[in-house]
Amino acid sequence: MDIYLIRHGIAAERELYQEDSQRPLTQKGIERTTLVAQKLAKLGLKFEQILTSPLVRAYQTAEILQKAGLSQKTTIFEPLSPNGKIQEWLDWLVKEYDPNAHAQKKLALVGHQPDLGDWVEMLVWGSVREQITVKKAGVIGLTISDLNSPLGKSQLFLLTSPKWLI
């Protein structure tokens, strides 16, 4: 199974909003994220579904991906909120997808830094090393060959900032 971890686009400044969860994408964030989504669509990507953090900026990013034709299904997924737990996602993944029939599936996760970087490190190395940063509207691609035991066994095949996609 291929997993694409996508960080939300450029969002409004924190001090402009009382609640961090309500910060929307800026116009520049919408434009860049749209260009990234269009490039991914041009590359022929199609996701089984897009899971997104419930925070406004992440949900808007997921909507842009869906509008570009990358998926028909977007689902709000609490573990993608800041400080979400990877184990909750892994438990969901095993319940949702048959571990024996997942090879051709593609799934997008839209969330936040440092969590996405940490999740990548857990999946690839088995521990958090605080070395991987996902830029805003950046994309990381991983192949998970064993859904039952992916930590430290997944393969990184894509790590790109939006400037390389647009």
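Is Lys-106 buried, partly exposed or exposed? Lys-106 comes out as partly exposed, at 21% relative accessibility, on a scale where buried means under 20% relative accessible area, exposed means over 50%, and partly exposed sits in between (1.4 Å probe, protein chains only). Before going on, keep in mind that this is a predicted model: local features need pLDDT of at least 70, side-chain atom pairs count only at pLDDT 80 or more, and totals for chains, interfaces and linings use all residues. Residues are numbered from 1 along each chain as its sequence is written, and side-chain values use heavy atoms, with hydrogens and water left out.

Now to the partner of Lys-106. Asp-2 makes a salt bridge with Lys-106, with 3.9 Å between the closest N and O atoms; the term covers a side-chain nitrogen of Lys or Arg within 4 Å of a carboxyl oxygen of Asp or Glu. Asp-2 belongs to strand S1 (residues 2–7) and Lys-106 to strand S4 (residues 106–111), so the pair ties together parts 104 residues apart in sequence. Strands here are DSSP runs (E, at least two residues), as are helices (H or I, at least four), numbered from the N terminus. Asp-2 itself is buried, at 15% relative accessible area.

Glu-48 is partly exposed at 39%.

Then there's Arg-23, buried at 7%, which bridges to Asp-20 at 2.7 Å, N to O. In total, the model has 5 salt bridges.
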